[in-house]
Amino acid sequence: MIFHALEALAWLVTLAWVAKVIEAARGLPKIVDLRDPAWNRTPEEMPLLAVIVPARNEEDNVESCLRSLLDQDYPSLRIIAVNDRSTDRTGQIMETLAQASPKRLSVLTIEQLPAGWLGKTHAMARGAELAGSVDWLLFTDADVIFRSDTLRRSLAYGIAAKTDHLVTVPTTITKSWGEAMILGLLQIFGMWATRPWKIADPKSLRDVIGIGAFNLIRREAYEQVGGFAALRMAVIEDLGIGRRIKQAGLAQRISFGRGMVSLHWATGAMGLVRVMTKNMFSAFNFHLSLAAAACLWLALFCIAPFAGVWVPGLQLPSALIVLSLWLAYRLFGRTSGISSAHALLAPIAASLLIYAAIRSAAITLWQGGIVWRGTFYPLAELRRHAAPLRNKRN
């Protein structure tokens, strides 16, 4: 009786995987690739673009980021580097670059954090204020590197698509098999949470996008949704503003462009686990039930099938799941550059993601909050200001 139930469950998971892969195979090719020659042009109206780069203790990364922005071939550009209470050489590096390029780069220094704000949301809100009456705002991170034509091509597409919010998906630089293993599975996990090919559909409120490395927002749209002042205590603020934009009925788009926006997230598999510890629990709005559900999904969809291929009666559905997982890696590998061979390591990656989720929840609950950019925030306050995980129709 129990075995028959397991067999039925295995086939249900198999059907879910097959349906998802078919949907992805149909949907992903519809997403614009900015490397296409069609987007190798400069927008005729040449709108003014301000890039906001918040940074706290980023002396190892900020110079490369700002230089890649200064090298952009889009002329109507202003860069605002926000030094958010750094205690290392971040501010000094910013000032040196600004002195060399005063017409393009300015520095905003924040020495104190007001009550009721997270450091990053405050830094971005202040940067947007300093930008003044520009047409577009790009919010990015200090560890991101941009190809020289990224902003020009992104704006060309954003304007042509009449969008209010454009995310150009970053390419994660992997320096070890462990990094590729985890990041490869994360992109598959994300596909189940949000269907990239449905981002542009205004009726599909569950499919929203927001990535801290590249959030390009029309200034009018930013102000309409309240900017980051409306998300002042949001840990996952990039997705938060994406949700507000979609909820407001504004146009949202996603684009690919391998190598156009690049970043190295962390060193090694355990380095990624440590990075995720600080904000993974917040991705579930600090709800244990949601974190537990995600862990169960990882175990059922990404770990169990690899054991099932050795169990008579479960071999066929398990093999089909493994094949589906490999095909999903292959589909996303065209834009991420992560080899489909890493699908064979999915059980290890899933186990580490489960560990990261448990560790994130345990540490957050134990210390009663999180430490973010050097400031402690109580859990009760974070929960009180957490945005809904799903958009609802008005």
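Predicted model: local features only at pLDDT ≥ 70, side-chain atom pairs only at ≥ 80, totals over all residues.
Helices here are DSSP runs of H or I with at least four residues, numbered from the N terminus.

I begin at helix H1, which covers residues 2-27 and contains isoleucine 2. Is isoleucine 2 buried or exposed? Its relative accessible area is 69%, and exposed means over 50%, so isoleucine 2 counts as exposed. Isoleucine 2 also belongs to a nonpolar surface patch, together with Phe3, Leu6, Leu9, Leu12, Leu15, Trp310 and Val311. The accessible area of these residues together is about 860 Å².

I turn next to helix packing. Two packed helices are described by the angle between their axes and by the distance between those axes. Helix H10, residues 288-308, packs with helix H11, residues 315-336, at an angle of about 130 degrees. Their axes lie 8 Å apart. An angle of 65 to 115 degrees would be roughly perpendicular and one over 145 roughly antiparallel; H10 and H11 are therefore oblique to each other. Their crossing is left-handed.

Finally, I draw attention to backbone geometry in two loops. Asparagine 57, although not a glycine, has a positive phi of about 55 degrees. This asparagine 57 sits in the loop between strand S2 (49-55) and helix H2 (62-70). Its relative accessible area of 30% makes asparagine 57 partly exposed.

Lysine 162, likewise a residue other than glycine, has a positive phi near 55 degrees. The loop that holds lysine 162 runs between helix H5 (150-160) and strand S7 (165-168). With a relative accessible area of 68%, lysine 162 is exposed. Thank you for your attention.

Terms used
Residues numbered from 1 in each chain as written. Heavy atoms only, no water. Patch = residues over 30% accessible without salt bridge, like charges linked within 9 Å, V, L, I, M, F, W, Y side chains within 5 Å. Areas by Shrake-Rupley, 256 points an atom, 1.4 Å probe, with all protein chains shown as cover. Salt bridge = Lys/Arg side-chain N within 4 Å of Asp/Glu carboxyl O. Buried < 20%, exposed > 50% of the residue type's maximum accessible area, 1.4 Å probe, protein only. Axes fitted to C-alpha atoms, helices over the stretch in contact; angles between N-to-C directions. Parallel < 35°, antiparallel > 145°, perpendicular 65-115°, else oblique. Left-handed = near helix turned anticlockwise from the far one by under 90°.
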